[in-house]
Amino acid sequence: MSAETAGLDASALVRELVRRPTVSGSATAQRDCMGLVTEVLRERAPHLDVRAGRDPDQPWTLLRTPTDPGRPQLLLACHVDTVPVTDPAAWQRDPFDADVEDGRVWGRGASDMKAGLVAAAAALAATDPEVPVALLLTSDEEIGSKGAAAAAGAVAEQSIGAVVVPEATGNQVVLGHKGALWLAVRTAGRAAHGSTPERGHNAVLDLVAVLSRAPGALPLGSHAFLGSETWNCGIVSGGTVPNVVPDRAEAVIDMRTVTDGAELLAWWRAQPEVADVEVRVDLPPVGTPADDPWVAALPAPVLPTPATYFTDASVLGQVVGNAPIVVWGPGTPAVMHAVDEYAELGELEEAATLLTGVAARWPR
């Protein structure tokens, strides 16, 4: 069954979603997006149960067929937020016009992950009311899966048999990804006049010393499937004006982990120049065995490598027991977060058909 036979126009819906800016942190815009998807689905499947989060800053919505919650459900998990457009003038098309050209819908969020969201919505709309399938819509995935964390309690109350996160994989099945540990590393100094630096202590130079040491000293681990851990210094700040010795400095570090990250955190905290380390994001890695019977039966090739990005699976994996989790959806990973982002409409239709078929055959 295709998205069209389910009564859901996938192309029109993905264009409508791309036209709506839903940048991480914009709770109202993300809630409105969830409301639109819910409205579209309830028009086609009025039997769906709907549960929404009550936190005004961290919206989420769970839609499910009205079966016994004790029956193992197939959970489709999608975030509605996107990264911002930092320079619209660099785009060949307006990033929120959702132009269709060359078989693609162009715009911010097309691949990451509004095409995947529409494919999942089409599958749920076409699912028999007696088949236990659910769709979770989350906010603020791009800044640490905050919406998934807010919804985790509601998901934990369900019996989940398998999870599909339809992020951009070109419709190939991906079995996991690294975790993410984001740290704000701070140094402290003593302010003084810039003409007498010997009377102060320069926090920026302390931070530079730590960052210079990190490449050769960080205890980065590796994993046979997930690969090697990485680190990136994404933000550096410190000082106020040139003629004052800075008394504070901060670097925000993004580490992609294959373990719980405890050893990496301990390294930063142990450096003599470091005054404080704040954990901003702490998401575990995800991995599902390729020989899982449900995974082996999926109608798509399984990639031998993990996703390069993290997903809400890091949070959901902690509340769904031993349920297999795959990342599997339409979109091109190379254009995620990039200028001139797009999604192939053919991939979107294929994904809708594939997910609809998997849902129809659930639980096996």
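This is a predicted model: local features need pLDDT of at least 70, side-chain atom pairs count only at pLDDT 80 or more; totals for chains, interfaces and linings use all residues.
Residues are numbered from 1 along each chain as its sequence is written, and side-chain values use heavy atoms, with hydrogens and water left out.

Now back to our strands. Strands here are DSSP runs of E with at least two residues, helices are runs of H or I with at least four, and both are numbered from the N terminus. We say two strands pair if DSSP finds at least two bridges between them. Next along, L75 has A134 as its bridge partner in β6.

What about β7, residues 160-165? It runs parallel to β3 and is joined to it by four bridges, with L76 standing opposite V164.

Is β3 buried or exposed? Buried means under 20% relative accessible area, exposed over 50%, and partly exposed in between, with a 1.4 Å probe and protein chains only. Seven of the seven residues of β3 are buried, so the strand is largely enclosed by the rest of the structure. Q73, L75, A77 and H79 point one way, and L74, L76 and C78 the other.

Let's zoom out to the sheet. It is open, with six strands in the order β1-β2-β6-β3-β7-β16 and mixed pairing. At the edges stand β1 (49-52) and β16 (325-327), each with a single partner strand, so one side of each has no neighbour in the sheet. From one strand to the next, the twist averages 20°.

Helix α3, residues 110-126, lies across β2 (60-64), β3 and β6, and runs at about 150° to β3. Axes are lines fitted to C-alpha atoms, for helices over the stretch in contact, and angles run from 0 to 180 degrees between N-to-C directions. Contact means heavy atoms within 4.5 Å.

On to another sheet, open and three-stranded, with antiparallel pairing in the order β4-β5-β17. Its edges are β4 (100-101) and β17 (342-344), each with a single partner, so one side of each is left without a neighbour in the sheet. Helix α9, residues 345-360, packs on this sheet, touching β4, β5 and β17, and its direction makes about 60° with that of β17. Two bridges join β4 to β5, residues 104-106, and E101 stands opposite R104. Thanks, everyone!
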